[in-house]
Amino acid sequence: MRTVLALDLKDDPALIAEYEQHHRRIWPEIATHLHQQGVTGMEIYRLGTRMVMVMETDDAVFDAAAMAQASQSDPRVRAWEELMWRFQAPTPWTPAGEKWVPMTRIFDLAAQQD
């Protein structure tokens, strides 16, 4: 399954550069955690301070609630999330206490084929 999520960065060029540097090579434990949770692919795009994540998951393995719980119980994943929050900011539409929020697909070219 493909999920598209949004999150903002703090509007600080130095912080944005540092955030991108961290993502040039994420911690190995984070990549392992994502794979164990059924994430088969992930890309993050940025325009200004707005980020969009495209996440591909294996429906037979992936469960968002289980992933959140596993993230909280792993000290290394918690440390990564705390580090990333130094750079991140919620979008204006993000519910309190959340970070990455799902976007709504409004167009699909494949669905236009009749």
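**Briefing: helices, strands and their contacts**

The buried residues of helix α4 are Val77, Trp80, Leu83 and Met84. They span an arc of only 125° around the axis, which puts them on the same side of α4. Here, buried means under 20% relative accessible area, exposed means over 50%, and partly exposed lies in between (1.4 Å probe, protein chains only). The arc is that of the directions from the helix axis to the C-beta atoms.

This is a predicted model, in which local features need pLDDT of at least 70 and side-chain atom pairs count only at pLDDT 80 or more, while totals for chains, interfaces and linings use all residues. Residues are numbered from 1 along each chain as its sequence is written, and side-chain values use heavy atoms, with hydrogens and water left out.

**The whole chain**

- The chain has four helices and five strands. Helices (H or I, at least four residues) and strands (E, at least two) are DSSP runs, numbered from the N terminus.
- Along the sequence, the pattern is β-α-α-β-β-α-α-β-β.
- The C-alpha atoms fill a box of roughly 50 × 30 × 30 Å, taken along the principal axes.
- The chain has 114 residues, and 32% of them are buried.
- Take the contacts between residues at least 6 apart in sequence: 72% of these join residues at least 24 apart. Contact means heavy atoms within 4.5 Å.

**Helix α4**

- Helix α4 covers residues 75–85.
- Its buried residues are covered by elements that include α1, α2, α3 and β4.
- Pro75 and Glu82 are exposed, on the face of α4 turned away from its buried side.
- Aspartate 74 caps the N-terminal end of α4. One of its side-chain oxygens lies 2.8 Å from the backbone nitrogen of arginine 76.

**Helix α1**

- Helix α1 runs over residues 13–24, which makes 12 residues. From first C-alpha to last it reaches 17 Å, close to the 16 Å expected at 1.5 Å a residue. The expected span is 1.5 Å times one less than the number of residues.
- Which residues of α1 are buried? They are Leu15, Ile16 and Tyr19.
- Seen down the axis of α1, these buried residues fall within an arc of 100°, so they line one face of the helix.
- An α-helix has 3.6 residues a turn, so residues three or four places apart point the same way.
- Pro13, Ala14 and Arg24 are exposed on the face of α1 turned away from its buried side.
- The buried residues of α1 pack against β1 (2–9), β2 (39–47), β3 (50–57), α4 and β4 (88–89).
- Aspartate 12 caps the N-terminal end of α1, with a side-chain oxygen 2.9 Å from the backbone nitrogen of alanine 14.

**How the helices meet**

- The axes of α1 and α4 come within 10 Å and cross at roughly 150°. That makes α1 roughly antiparallel to α4. Tyr19, His22 and His23 of α1 make the contact with Trp80, Leu83 and Met84 of α4.
- Axes are lines fitted to C-alpha atoms, for helices over the stretch in contact, and angles run from 0 to 180 degrees between N-to-C directions.
- Angles under 35 degrees count as roughly parallel, over 145 as roughly antiparallel, 65 to 115 as roughly perpendicular and the rest as oblique.
- Helix α3 (residues 64–73) packs against α4 at an angle of about 95°, with the axes 5 Å apart. The two helices α3 and α4 are therefore roughly perpendicular to each other. Ser71, Gln72 and Ser73 of α3 make the contact with Pro75, Val77 and Arg78 of α4.

- Aspartate 8 is in strand β1. Is aspartate 8 buried or exposed? It is buried, because its relative accessible area is 8%.
- The side chain of aspartate 8 makes a polar contact with the side chain of arginine 50 (2.3 Å). A polar contact is a pair of N or O atoms within 3.5 Å; within protein, one must be able to donate a hydrogen and the other to accept it, and residues adjacent in sequence count only if both atoms are side-chain atoms.
- Glutamine 37 sits in the loop between α2 (28–36) and β2. At 15% relative accessibility, glutamine 37 counts as buried. Leaving aside neighbours within four places in sequence, glutamine 37 contacts Val61, Phe62, Asp63, Ala66, Met67 and Ala70.
- Valine 52 lies in strand β3. Its relative accessibility is 23%, so valine 52 counts as partly exposed.
- Not counting residues up to four places away in sequence, valine 52 touches Val4, Leu5, Glu43, Ile44, Tyr45, Trp100 and Met103.
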